[in-house]
Amino acid sequence: MDTSAAAIEWTLSELLKHPEVMKKVQNELAKVVGMDRMVEESDLESLEYLNMVIKETLRLHPVAPLLIPHQAMDECMVNGFFIPKNSQVLINAFAIGRDQHAWTDADKFIPERFAGTNIDIRGHDFQLIPFGSGRRSCPGIQLGLIVVRLLVAQLMHCFHWKLPSDMLPSELDMTEEFGIVVSRANLLYALPSLRLHK
Ligand code: HEM
């Protein structure tokens with residue numbers, strides 16, 4: 001049940017499916033980090049476009065789409081609905097991330113939608129909660145985000161990527177395998193070639 005690995009795989013899949021976005025990520029890396037050294041953890045905060053790409057990936061592919069089941073400690077009203085004490089409550093982060101009322105072109109992968117907004121993924125903005133929100137939200141968020149951002153950054157910085165057998169980006173299979181953690185149903189194949197020669 002590796003949430004970080006699933007998030008990395010979905011991000012790479014979306015980048016392979018959207019070569020123009022991959023190009024922008026690689027251009028940002030060349031500009032911010034340069035091509036004389038590898039990207040480091042201290043670079044991550046400066047990689048604004050990469051951070052938008054990760055947010056957009058986790059909006060469309062929250063790796064734990066129903067979070068973890070919660071239980072109401074007391075009865076309460078939520079949005080006019082009565083929730084009895086001890087009810088099991090499931091939060092559908094997947095549906096929230098694709099809600100047409102909250103997002104324009106909700107099913108499309110558009111990292112630029114976050115440009116100039118303060119929408120974050122740490123549980124303050126309820127339309128984007130891939131780590132949950134509140135007291136039982138993910139305690140590993142900081143580590144998870146560093147691992148995902150650093151790995152994707154290094155893979156994009158060090159290598160050019162293409163799909164095998166002249167496959168078109170639009171042909172890339174994005175089938176999900178359902179579980180508490182939703183990962184790709186089929187392995188992702190992509191061909192790297194060296195980009196960073198130092
Ligand atoms: C991109 C990576 C990750 C994602 C997307 C993610 C997502 C989540 C989500 C959605 C929940 C449930 C929150 C809720 O029900 O409200 C959760 C819980 C949890 N996560 Fe993560 N997680 C990630 C990485 C990690 C890492 C790296 C660790 C540990 C080092 C971790 C440890 C935990 C634990 C212990 C819980 C249970 C918290 C509780 O029930 O109080 N997670 N995570």
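Reply: Let's begin with helix α1: its 15 residues should span 21 Å at 1.5 Å a residue, and its end C-alpha atoms are 21 Å apart, which agrees. The expected span of a helix is 1.5 Å times one less than its number of residues. Helices (H or I, at least four residues) and strands (E, at least two) are DSSP runs, numbered from the N terminus.

A word on what you are looking at: this is a predicted model, in which local features need pLDDT of at least 70 and side-chain atom pairs count only at pLDDT 80 or more, while totals for chains, interfaces and linings use all residues. Residues are numbered from 1 along each chain as its sequence is written, and side-chain values use heavy atoms, with hydrogens and water left out.

Now, how much of α1 is hidden? Of its 15 residues, 11 are buried, so α1 is largely enclosed by the rest of the structure. Here buried means under 20% relative accessible area, exposed means over 50%, and partly exposed is in between (1.4 Å probe, protein chains only). The buried residues are S4, A6, A7, I8, W10, T11, L12, S13, E14, L15 and L16. They pack against the helices α2, α3 and α5, and also against β5, β6 (176–177) and β7 (183–184).

Take the partner α3 next. The axes of α1 and α3 are 9 Å apart, and the two helices pack at an angle of about 105°. Axes are lines fitted to C-alpha atoms, for helices over the stretch in contact, and angles run from 0 to 180 degrees between N-to-C directions. The pair is therefore roughly perpendicular; that term covers 65 to 115 degrees, whereas under 35 counts as roughly parallel, over 145 as roughly antiparallel and the rest as oblique.

Which residues meet there? On the α1 side they are A7, W10, T11, E14 and L15, and on the α3 side V53, I54, T57, L58 and L60. Contact means heavy atoms within 4.5 Å. The residues of this contact divide into seven nonpolar, two polar and one charged. Ala, Val, Leu, Ile, Met, Phe, Trp, Tyr, Cys and Pro count as nonpolar, Asp, Glu, Lys and Arg as charged, and the others, Gly among them, as polar.

Helix α3 itself has 13 residues and reaches 19 Å from its first C-alpha to its last, close to the 18 Å expected. Of those 13 residues, 12 are buried, so α3 too is largely enclosed by the rest of the structure. Its cover includes α1, α2, α4 and α5.

That brings us to α5, which also packs against α1. Helix α5 (residues 141–158) has 18 residues and reaches 25 Å between its first and last C-alpha atoms, close to the expected 26 Å. Its buried residues include I141, G144, L145, I146 and V148. Among the elements covering its buried residues are α1 (3–17), α2 (19–32), α3 (48–60), β5 (159–162) and β8 (191–194).

Along the chain V148 is 140 residues from I8, yet their C-alpha atoms are separated by 5.6 Å. Leaving aside neighbours within four places in sequence, V148 is in contact with S4, A7, I8, T11 and I54. A7 and T11 also belong to the contact of α1 with α3, as does I54.

With neighbours within four places in sequence left aside, Q154 is in contact with M38 and V39.

One last stop is the loop between α4 (93–97) and α5, where C138 is placed. The SG atom of C138 is the single donor from the protein to the iron atom of the ligand, 2.3 Å away. Donors are N, O and S atoms within 2.8 Å of the metal (3.2 Å for Na, K and Ca), and sites may look incomplete since water is not among the atoms.
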